[in-house]
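Hello,

I am passing this structure on to you, as promised. Please have a look at it first, and then read on for what was found.

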Amino acid sequence: MVRPLDVLVCVKRVPAVGAEILLTADARAIDTRHLGFTIGPHEECAVEEAVRLVERAGGTAGVLTVGPPEADEQLRYALSMGADHAVRVHAPVADPDPEATAAAITSALRELPPYDLVLFGEASADAGHAQVGFRVACALRRPVVGGVKGIEVDADRVRLRREAPEGAEVHEAPLPAVAAVLEGLNLPRYPTIRGRLRAKKAVVRVVEAPQPVGGLRTLRLRHRSEAHAETIVLGRGAAAAPAVADVLAELGVVR
Amino acid sequence: MVLTVVERDGEGRLTAESAEVLAAARDLAEELGVPVAAVAVGETGDLPEDLAKQGVAQVHLLQHELLADGGPACTGEALAGLVADLRPTAVLAADSDRSTEAMAWAAARVGVPLATACTAIRPGSGDDEWEVTRERSGGILLEDAVLDAPIRFATLRPGAPSPSETAAADEVTVHVVVPELDAAVPRARLVDRQPRAAGMTLATAPVVVAGGRGVGSAEGYAVLEELAGLIGGAVGCSRVATNNGWRPHSDQVGLTGTRISPDLYVACGISGATQHWVGCMNARAILAINTDPEAPMVTRATWAVIGDVHEVLPAVVEELRRRSGR
Amino acid sequence: MSPLPDRAQVVVIGAGIVGNAVVHHLAQLGWREILLVDKGPLPDPGGSTGHASNFVFPVDHSREITLLTGDSTRQYAELGTLTTCGGIEVARTPERVQELHRRMSSARAWGIDAELISPAEVSEKVPFLDPTVVLAGFWTPSVAVVDPLRAGELMRERATAAGALTVSAQTEVLGIDTSGGRVRRVRTDRGDVDTAYVVVACGVWSPRIAALAGATIPLTPAVHQMIDVGPIAELAATGREIAFPIIRDMDPLMYERQSGPDLEIGSYAHRPILVDPDDIPSLQAAALSPTQLPFTAEDFDPQMEAALELFGEVLDRPDAGIRHAINGLLSLTPDGHPLLGELPEVRGLWSAAAVWIKEGPGVGRLIAEWMTDGAPEIDPHAADVARFAPHERTRAHVRARAAEGFNKTYGITHPREQWTSDRGVRRSPFHPREEALGAEFFEVAGWERPQWYRSNAHLVDELGVSDRPHEWDARWWSPIIDAEHLAMRRGVAMIDLSAFSQFDVRGPGALPYLQHLTVAQMDRPVGRVIYTPVLGPDGGFRSDLTVVRLDDEHFRVITGGSDGARDLAWFRRHLPGDASVALHDVTSAVCTLGLWGPRARDVLAAVTEDDLGDAAFPFATARWLTVGSVPVLALRLSYVGELGWELHAATESGLALWDALAEAGRPHGLVPAGIGVYGTTARMEKGYRLMGHELDAEHGPVEAGLALPGLKAQDFVGKAAYTKAREGEPEATLCTLTLDPGTRRRPQGGEPVLTPDGRRITDRRGRPSYVTSAGGAPSLGTHLMMAYLPPWHAAEGAGLLVEYLGERYPVTVARAGRTPLFDPDDTRMRG
């Protein structure tokens with residue numbers, strides 16, 4: 001049975017980095033002077049899934065972020081992919097700690113109209129705390145499943161597929177529910193021109209919510225020191241095959 | 001007390017990741033002059049034996065029918081209840097999906113922060129202020145952070161220094177704890193589980209042969225499969241391959257795919273962008289095959305062959321077959 | 001990684017299309033030990049070549065750019081890296097339709113096949129385009145897409161195969177050592193290389209690299225946005241990279257082209273987004289590449305709307321996604337032209353920067369020829385990196401003009417259009433008086449020069465001058481110019497000429513030094529004013545200027561404002577190595593006021609006690625006078641064909657000079673006159689040639705009608721070619737044409753000259769006949785045009801056609817050669 005669904009996707013504005021990440025002078029953040037911003041691949045899949053669920057069942061696909069006004073850019077990106085409304089919980093800083101983020105989302109969700117399903121990415125692409133969705137679920141007393149790579153909604157229940165060490169699992173939860181999803185859940189679409197123009201005109205609803213500072217405070221970021229031995233070039237083209245075979249033999253991997 | 005959440009594998013034995021966390025917990029507990037206690041879900045099984053080897057003398061076994069699913073809500077509730085009773089100094093767990101999820105729920109329930117993906121945890125000079133080092137941006141960056149809480153929740157990434165030798169515990173005291181789980185605890189029920197097909201998984205394979213843009217097509221992976229078969233490896237791919245539909249996402253190595261640490265990683269036609277590199281950088285050794293001698297994967301590899309995948313791999317396969325007489 | 005050679009004949013920095021083309025052509029011309037370095041990897045080091053849209057539209061209003069594009073197109077084709085697809089510039093507005101007519105004129109002038117087509121014909125060629133949005137299309141069948149990365153690889157391969165080239169990628173240039181004003185060494189992170197020549201072909205990084213040698217390459221990186229939308233079934237079905245003509249949607253300043261299954265949309269419409277060369281991220285830190293910056297979507301939104309209007313049929317589909325979107329970097333210069341040639345600050349340091357993909361291979365050849373022979377086949381006048389005045393090389397100026405110029409990329413730019421940013425940087429001492437008189441200031445090399453004075457508006461009716469009825473003809477023009485002209489011819493006018501560039505040449509070597517640089521005999525008595533062409537080694541014009549012998553070993557060189565910097569660089573470059581000649585730029589020390597007209601002597605006589613009579617002060621001589629209490633160097637000559645003087649005074653005395661003359665001139669009806677008279681109407685009536693218009697490297701003095709009666713014994717640059725030209729018949733003759741009565745339209749310059757039956761005219765060397773200058777001739781009652789014509793058309797009285805904005809107008813060859821149409825015997829200025 002299909003009934004209209006109200007889905008909300010929580011996304012985070014993160015820098016789109018290159019191979020080398022530059023840090024600010026105080027080393028507390030990534031130097032984003034030359035960088036654009038994006039939402040992580042997990043979250044892109046979450047947006048895609050929300051749009052697909054609503055395309056099938058009807059309802060609404062919302063997108064929410066906690067951040068400064070610049071984060072509207074990411075909300076509009078999600079809108080251009082097909083989300084139909086956007087909420088920004090105002091935060092003065094770009095990267096609040098996970099407790100503050102969870103508190104803000106929890107508080108906003110209590111104010112906003114109810115959603116059947118709230119989707120998170122498994123972890124943000126920058127801080128990677130991997131916990132906001134679970135904190136929100138705990139606070140709102142909602143069932144939650146992480147690592148989700150498949151979502152099916154059937155009437156008032158949702159079936160969530162994930163990979164576990166023991167194998168592929170399907171979890172079933174009553175709605176409303178929370179899920180943290182993984183890239184691979186789907187192949188996200190690119191925004192259309194029409195979608196972008198619609199997104200540009202859309203009004204982002206801005207809500208205020210308390211964000212008590214949590215107990216995890218960044219002191220500094222640094223680069224992982226990479227032990228860097230010189231690469232041994234075994235050769236060029238097919239002529240390198242014997243040398244490769246020698247290495248494989250030496251490693252003892254040849255069966 | 002340093003309370004350590006431990007997990008068991010399909011055979012009921014302590015996982016390697018949990019053993020690593022216990023080692024870290026021992027070091028920490030020694031520095032603090034407090035004991036280490038373990039907490040696990042389920043029946044006693046071989047756990048006391050495994051824990052004894054780790055020098056752990058106390059284990060709390062959470063037992064409740066609602067815990068069978070391994071869902072974060074019930075485990076998290078139970079853990080939070082135990083923490084409320086024991087008031088440990090710190091609660092540590094491996095950085096696995098299951099532990100992290102339960103830790104997140106429990107930390108939320110207790111009302112304390114959780115530091116995930118940590119590579120180090122140190123008591124600070126202040127009362128509550130400890131310091132952690134954790135991975136960010138998929139491990140490209142490290143973050144030094146203050147963990148300011150009366151009870152410090154942290155999950156630890158694998159790959160910490162080899163566990164220090166320790167004296168085995170003479171005896172392991174098992175405390176069975178039946179948490180008070182309200183049936184109304186919101187939870188998802190496990191309704192189906194398809195056991196993993198026999199064979200190697202990408203995450204656990206000792207050798208991974210992965211292909212990227214340079215493989216060129218779905219069909220191009222045949223020679224990778226062949227090599228993997230000869231050297232006992234699994235086949236992986238980069239994000240380009242997934243996006244082009246050449247391989248399923250489950251084969252993807254990288255930040256948003258699988259992060260692996262095989263003994264040997266054979267990177268075929270993979271340039272080594274950050275997104276991919278963080279997925280394979282824990283490999284013990286890397287053999288890169290690439291036309292571009294300046295590609296990041298080549299410059300970071302242990303060994304490299306400069307050339308086209310479809311020239312090099314068939315020759316390697318032929319050479320291996322020749323040597324083995326097959 | 002192999003170590004670098006210890007020394008190289010030339011080090012080319014930058015392995016984009018330009019650097020690759022430079023090494024290829026240097027190798028072809030016999031250079032060896034060429035070293036090509038780039039900080040990035042090959043084949044795509046991360047510069048603009050790697051993300052450019054790679055299409056080539058051959059028609060440009062500029063002949064120089066058109067020639068470079070044509071040469072490049074042939075080279076891309078020869079390398080097998082060119083796909084011809086055709087292209088259409090579409091007009092949505094009547095103004096643009098007129099501009100497309102103008103482009104047709106340019107196409108005809110430069111001999112490029114093109115056609116104006118109807119909306120229906122546009123949609124026949126591009127079926128998924130909405131023809132109802134379009135008024136007309138400018139169809140160029142030879143528009144093509146090229147592969148500059150592959151072309152670059154092939155060029156490297158050829159130079160390497162010739163044993164001429166070493167390539168070192170991922171090599172960062174850390175320093176360029178100079179001594180004695182010359183390049184000596186390039187320092188890199190892989191070792192140092194001794195060399196006497198360095199070519200900076202670093203695109204957007206060029207300013208940084210030049211700065212390592214203490215030199216300036218005045219460009220700024222700027223954003224050009226582009227997106228790819230797809231997949232689009234109609235495009236995918238072609239199975240080709242490009243199968244449909246490229247559309248330039250000119251009015252919204254954008255283009256659309258097929259790129260495989262996608263439609264690529266590029267924009268020159270957004271706000272100027274300038275980036276500092278120091279702020280370009282490294283290859284490692286950039287998410288895509290250093291020159292593909294994060295897309296700023298809001299800047300592109302209007303283009304999306306415009307694209308939907310034209311291509312809604314294929315773009316407004318749910319599966320047509322925006323798959324790629326970048327803020328691509330390109331190089332912008334203060335005047336929109338490339339930066340080519342040896343840098344004026346350092347000998348041996350060459351710039352090959354600010355070059356589009358469509359010009360890259362041609363620029364490579366041009367630079368290589370220039371380095372080898374001292375003169376390239378294509379005249380690099382407008383692109384010469386030495387063309388900038390000091391303030392024009394500043395960051396502030398470059399950014400101001402680049403910001404202003406960006407939206408002109410697809411804009412409609414009137415040939416006389418003035419810049420609005422960073423004005424008022426160079427003002428003559430007369431400026432306050434000029435402002436008070438309502439001067440309309442035009443700019444040259446930063447100088448503010450009155451083009452006409454509103455204070456003279458009353459003369460328009462008094463003298464019966466008519467306005468131009470057509471807006472385009474009258475844009476950046478005023479009938480006051482014609483009125484000032486007539487007032488000068490009737491009485492007397494004074495003209496601010498302070499923008500002249502002036503150099504003092506002194507020392508025991510001064511005479512031989514100048515002899516070497518000029519065609520005319522310099523060994524004339526002290527006090528002589530000598531007009532002379534200055535030639536390049538190939539005998540084409542480098543400049544034309546006036547030399548005054550002030551003393552035995554002291555000369556004053558006076559040249560035009562717009563060519564001052566280029567000429568100064570040329571003169572500096574030829575200074576002898578010893579200290580026998582001192583060259584000083586005295587431009588800022590001297591202000592100049594021209595006083596001309598039948599009453600000029602009366603006016604000047606009123607303020608000086610010196611004898612101005614013909615015997616005491618004959619034509620073509622210079623003397624020091626005292627005007628009031630101001631010492632003045634007076635030159636008896638004229639560019640307007642009237643009796644009078646150029647009066648040169650110390651800058652600080654300029655106002656006193658102006659006021660004295662203005663006061664003395666009142667009873668004589670003295671009017672201030674602008675450059676409209678000096679540079680166009682009076683000059684053209686007298687048949688005088690203007691550098692950069694009639695005079696260029698493609699033509700020498702013989703064809704320009706400026707050959708001197710005698711050939712001096714001394715050697716000089718270009719003498720061999722000049723001598724040869726004197727001995728033969730010219731392939732073309734510079735002619736003055738009159739517009740036949742019956743039209744009120746006024747061609748502006750740049751138009752093709754056609755045979756009476758509408759065929760294009762070229763000379764035996766393939767050089768086209770086009771209007772080099774055009775302007776009113778109030779004293780002759782006609783409109784004049786100058787053009788080089790081959791001998792069989794250069795017959796006085798012959799009728800021809802000039803094509804202007806889509807119409808053809810009959811013209812008559814009024815003069816072949818230099819004899820003026822107005823006062824042919826020069827009696828007025830000699831009188």
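Which residues of chain A does UniProt give to the feature "domain: Electron transfer flavoprotein alpha/beta-subunit N-terminal"? The unreviewed UniProt entry places that feature at residues 27-209 of chain A. Please keep in mind that this is a predicted model.

In the model, the span of residues 27-209 of chain A is 32% helix and 32% strand, and its end C-alpha atoms lie 29 Å apart. Chain A as a whole has 13 strands and six helices. Along the principal axes, its C-alpha atoms fill a box of roughly 65 × 50 × 40 Å. Of the 255 residues in chain A, 54% are buried. Take the contacts in chain A between residues at least 6 apart in sequence: 73% of them join residues at least 24 apart.

Now to chain B, and a pair of helices there. Helix α5 (residues 222-230) of chain B and helix α9 (residues 309-324) of chain B have axes that come within 10 Å and cross at roughly 30 degrees. Angles under 35 degrees count as roughly parallel, so α5(B) is roughly parallel to α9(B). The crossing in which α5(B) passes α9(B) is left-handed.

Which residues meet there, in α5(B) and α9(B)? From α5(B) come B:Val223, B:Leu224, B:Glu226, B:Leu227 and B:Leu230, and they meet B:His310, B:Leu313, B:Pro314, B:Val316, B:Val317 and B:Leu320 in α9(B). By class, this contact of α5(B) with α9(B) has nine nonpolar residues, one polar and one charged.

Best wishes

Key
Residues are numbered from 1 along each chain as its sequence is written. Chains are lettered from A and ligands numbered from 1 in the order in which they are written. This is a predicted model: local features need pLDDT of at least 70, side-chain atom pairs count only at pLDDT 80 or more; totals for chains, interfaces and linings use all residues. Axes are lines fitted to C-alpha atoms, for helices over the stretch in contact, and angles run from 0 to 180 degrees between N-to-C directions. Helices (H or I, at least four residues) and strands (E, at least two) are DSSP runs, numbered from the N terminus. Angles under 35 degrees count as roughly parallel, over 145 as roughly antiparallel, 65 to 115 as roughly perpendicular and the rest as oblique. A crossing is left-handed if the near helix is turned anticlockwise from the far one by less than a right angle, and right-handed if clockwise. Two residues are in contact if their C-beta atoms, placed from the backbone, lie within 7 Å. Ala, Val, Leu, Ile, Met, Phe, Trp, Tyr, Cys and Pro count as nonpolar, Asp, Glu, Lys and Arg as charged, and the others, Gly among them, as polar. UniProt positions are given in the numbering used here, feature names are shortened, and annotations may be inferred rather than shown by experiment. A residue is buried if 20 or more other C-beta atoms lie within 10 Å of its own, exposed if 12 or fewer, and partly exposed in between; C-beta atoms are placed from the backbone.
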